[in-house]
Amino acid sequence: MSPRAERSFFACDAEALARRLLGQTLVRRFRGRTLRGRIVETEAYVGAHDAASHAYKGRMTERNRAMFADPGVCYVYFTYGMHHCFNLSCGALGDPQAVLLRALEPLDGHDVMRELRDREDIADRLLCRGPANLAKAFAIERSVDGVDTVTSDELYIELVRRRAPRSSSMGNTPRIGISQRAGAWRDKPLRWYLRDSRSVSGSR
DNA sequence: TTCAAGATTTCCT
DNA sequence: GGAAATCTTGAAA
């Protein structure tokens, strides 16, 4: 049985956590079942100076409060009138850094994920591909916002290894879906993914 | 109070 | 390649 990620695992900057999360396992308990997925794609939102971040200029609102919370706390937001996205807060308390989980490879609970996705016929590799699909397949919605993965039994990270993968096994590109309004921050390479995975979003 | 935009996905041509 | 779906948030008025 793998050890759970504790506070110290998340107490780093967003770029470090985005790499460190790749290959680890997200665990979700839902209606007596256990869902597990291998994290294969992440994005870093690096703090109050990041123009693409909901916490740009340090503004804290009811929606993004969890970005300022203790490292390891979930930040879940609702967008486009229909989708949820799942982040893990990091950095120190009060520092609004977070990592967006963009894709997982399903490990356990495929049948439950299919039900949640409302798609009987979908391929495994598409079940948790893309941030909104991932959230839906893991029953992650606004009620999960503020949950502490270090202490929760409903949602947490299992450590498969201690360190980030070799850089040769990771891809690194600009973040996806960032508008021109973010200026130079749109092009900064803050997205990482595992090259060996077929569940990564964006390209096929 | 009003309104534009959004860390997306899916279906259409 | 393009647009629709759908509604909350945050900023302006």
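A residue is called buried under 20% relative accessible area, exposed over 50%, and partly exposed in between, with a 1.4 Å probe and protein chains only. The structure is a predicted model, in which local features need pLDDT of at least 70 and side-chain atom pairs count only at pLDDT 80 or more, while totals for chains, interfaces and linings use all residues. Residues are numbered from 1 along each chain as its sequence is written, chains are lettered from A and ligands numbered from 1 in the order in which they are written, and side-chain values use heavy atoms, with hydrogens and water left out.

**Strands and their pairing**

- Helices (H or I, at least four residues) and strands (E, at least two) are DSSP runs numbered from the N terminus, and two strands pair if DSSP finds at least two bridges between them.
- Strand β5 covers residues 97–108 and is largely enclosed by the rest of the structure, because ten of its twelve residues are buried.
- Strand β2 (residues 33–45) pairs with β5 in the antiparallel sense over nine bridges, and within β5 it is Glu105 that stands opposite Arg38.
- An antiparallel pairing over four bridges also joins β5 to strand β4 (residues 83–90); here Val99 in β5 is the bridge partner of Leu88.
- Strand β3 (residues 74–79) pairs with β4 over six bridges, again in the antiparallel sense, with Tyr75 opposite Asn87 in β4.
- In a regular strand, side chains alternate between the two faces of the sheet.

**Turns and positive phi angles**

- The hairpin of β3 and β4 has three residues between the strands, and Tyr80 in this turn has a positive phi of about 55 degrees, although Tyr80 is not a glycine.
- Tyr80 is exposed, with a relative accessible area of 66%.
- From Tyr80 to Leu155 the separation is 75 residues in sequence and 25 Å in space, C-alpha to C-alpha.
- The hairpin of β4 and β5 has six residues between the strands, and Gly91 in this hairpin takes a positive phi near 70 degrees.
- Arg31 lies in the loop between β1 and β2 and has a positive phi of about 50 degrees, although it is not a glycine.
- At 73% relative accessibility, Arg31 counts as exposed.
- Phe30 belongs to strand β1 (residues 25–30) and is buried, with a relative accessible area of 16%.
- Phe30 and Leu88 are separated by 58 residues in sequence and by 19 Å in space, C-alpha to C-alpha.

**Salt bridges**

- A salt bridge is a side-chain nitrogen of Lys or Arg within 4 Å of a carboxyl oxygen of Asp or Glu, and the whole structure holds 14 of them.
- Side chains of opposite charge can pair when their charged atoms come close.
- One of the salt bridges joins Asp111 and Arg33 at 3.1 Å, N to O; Asp111 lies in helix α3 and Arg33 in strand β2, so the pair ties together parts that are 78 residues apart in sequence.
- Both partners are partly exposed: Asp111 has a relative accessible area of 41%, and Arg33 is at 35% relative accessibility.
- Another links Arg36 to Glu158, with the closest N and O atoms 3.0 Å apart; because Arg36 lies in strand β2 and Glu158 in strand β6 (residues 155–158), the pair ties together parts that are 122 residues apart in sequence.
- Arg36 counts as partly exposed at 22% relative accessibility, whereas Glu158 counts as buried at 7%.
- Glu43 forms a salt bridge with Arg102, the closest N and O atoms being 3.5 Å apart; this pair links distant parts of the chain, with Glu43 in strand β2 and Arg102 in strand β5, 59 residues apart.
- Glu43 and Arg102 are both buried, and salt bridges that share partners join Glu41, Glu43, Arg102 and Arg191 into one network.

**Charged surface patch**

- Patches are made of residues with over 30% relative accessible area and no salt bridge, like charges being joined within 9 Å.
- Asp and Glu count as negative, and the place of a charge is taken as CG of Asp or CD of Glu.
- Glu115, Asp118, Glu120 and Asp121 gather in a patch of negative charge on the surface.

Definitions and conventions:
Patches are made of residues with over 30% relative accessible area and no salt bridge: like charges are joined within 9 Å, nonpolar side chains (Val, Leu, Ile, Met, Phe, Trp, Tyr) within 5 Å. Accessible areas come from the Shrake-Rupley method with a 1.4 Å probe; for residues, only the protein chains shown count as cover.
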